[in-house]
Amino acid sequence: MKTSIEEKFCEFYEKWVCQLEEYLRFLVQDYTHESDYENLVAKMTTHHKNYYKFKWAAAHEDVCAFFSPVWLTPFENVYLWVTGWKPSAVFRFVDSLRLTGTGLVDLTEEQVKRIEGLRMKIKMEEEKVEREMERQQVGMADRRMVEMVRYMRHGGGGGGGDAVAVVAVKGLLSGLEKVMKMGDCVRLKTLKGLLDLMNPKQCVELLAAQSMFHVELRKWGKKL
């Protein structure tokens, strides 16, 4: 049975993906004026920001729901990295578009150099998040948590024992919320960093590739 937060986010997420698919129809079109590309980039940026704004508000109420999201299909869950997509994966879209000649063919040598620099920085940011996630997981077995489990196992309950348990669990949940936001910030930094290095048309080509993968992954997940 879904919690109230899971119900709320399931509804939000389904609408968010539907809107993404609607935007995708415009992302794959060709435009004459640069302002058309700029407007699309602005809409997509706002769309992504709205997702994280809603996510963070919901996660503050029930962060555990985002580490085992019921709104995603099992196929989508396979690709999860700390409650979302792995930032470095976006660079694969850049590589794929260039290699297949389907987009970003006009990237300059300077742009490619700066993108590679960003790739290295994001890799280090990912490793920092992974270390923090590992620290949180190891923390579950620290002395306070073990003592709490031992206390409850031997019939503890009420009074100070419950207070200790509440403090320990709150600390754990706070740590999970922290690492989730760290991951999300790297995702946002990656997307913004790449968009800042590209012209509007290139931005749209990258956003189209990322959005198409997202939408198709969900469709396949529902079929399996």
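Ala, Val, Leu, Ile, Met, Phe, Trp, Tyr, Cys and Pro are counted here as nonpolar, Asp, Glu, Lys and Arg as charged, and the others, Gly among them, as polar. The structure is a predicted model, in which local features need pLDDT of at least 70 and side-chain atom pairs count only at pLDDT 80 or more, while totals for chains, interfaces and linings use all residues. Residues are numbered from 1 along each chain as its sequence is written, and side-chain values use heavy atoms, with hydrogens and water left out.

The protein chain has eight helices and zero strands, so its elements read α-α-α-α-α-α-α-α from the N terminus on, where helices (H or I, at least four residues) and strands (E, at least two) are DSSP runs numbered from the N terminus. Of its 224 residues, 41% are buried, buried being under 20% relative accessible area, exposed over 50% and partly exposed in between (1.4 Å probe, protein chains only). The accessible surface is about 13,200 Å², and carbon and sulfur atoms hold 58% of that surface; areas come from the Shrake-Rupley method with a 1.4 Å probe, and for residues only the protein chains shown count as cover. Contact means heavy atoms within 4.5 Å. Among contacts between residues at least 6 apart in sequence, 82% join residues at least 24 apart.

The interior comes next. A nonpolar core is a set of buried Ala, Val, Leu, Ile, Met, Phe, Trp, Tyr and Cys residues joined through side-chain atoms within 4.5 Å. The largest one has 55 residues, of which Phe9, Tyr13, Leu27, Phe66, Trp71, Leu194 and Met198 touch the most other members. At least two residues of this core come from each of H1, H2, H4, helix H5 (109–139), H7 and H8, with H1 giving the largest share, eleven residues. Leaving aside neighbours within four places in sequence, Leu27 is in contact with Leu40, Met44, Val204, Leu207, Ala208 and Ser211.

His48 is found in helix H2 and counts as buried because its relative accessibility is 8%. With neighbours within four places in sequence left aside, His48 is in contact with Trp16, Leu191 and Gln210.

Two loop residues have a positive phi. Val82, in the loop between helix H3 (74–77) and H4, has a phi near 50 degrees and is buried at 14% relative accessibility. Leu104, in the loop between H4 and H5, has a phi near 55 degrees and is buried at 1% relative accessibility. Most residues other than glycine have a negative phi.

Pockets are found on a 1 Å grid over the protein atoms alone: a cavity is a set of points where a 1.4 Å probe fits but cannot get out, a pocket is an open set with protein on both sides within 12 Å along at least five of seven lines, and lining residues have an atom within 4 Å of a point. Grid points are joined across faces, edges and corners, and a volume is the space filled by probe spheres set on the points.

The largest pocket holds about 550 Å³. Its lining has 29 residues, and Tyr79, Gly84, Trp85, His214 and Leu217 are the closest to its centre. Two or more lining residues come from each of helix H1 (4–27), helix H2 (34–61), helix H4 (89–100), helix H7 (159–196) and helix H8 (200–223). H8 gives the most, five residues. The lining comprises 17 nonpolar, six polar and six charged residues.

The second largest pocket has a volume of about 320 Å³. Among its 17 lining residues, Leu97, Thr102, Glu205, Ala208 and Ala209 are the closest to its centre. H4 and H8 are the elements that give two or more residues to this lining, and H8 gives the most, with six.
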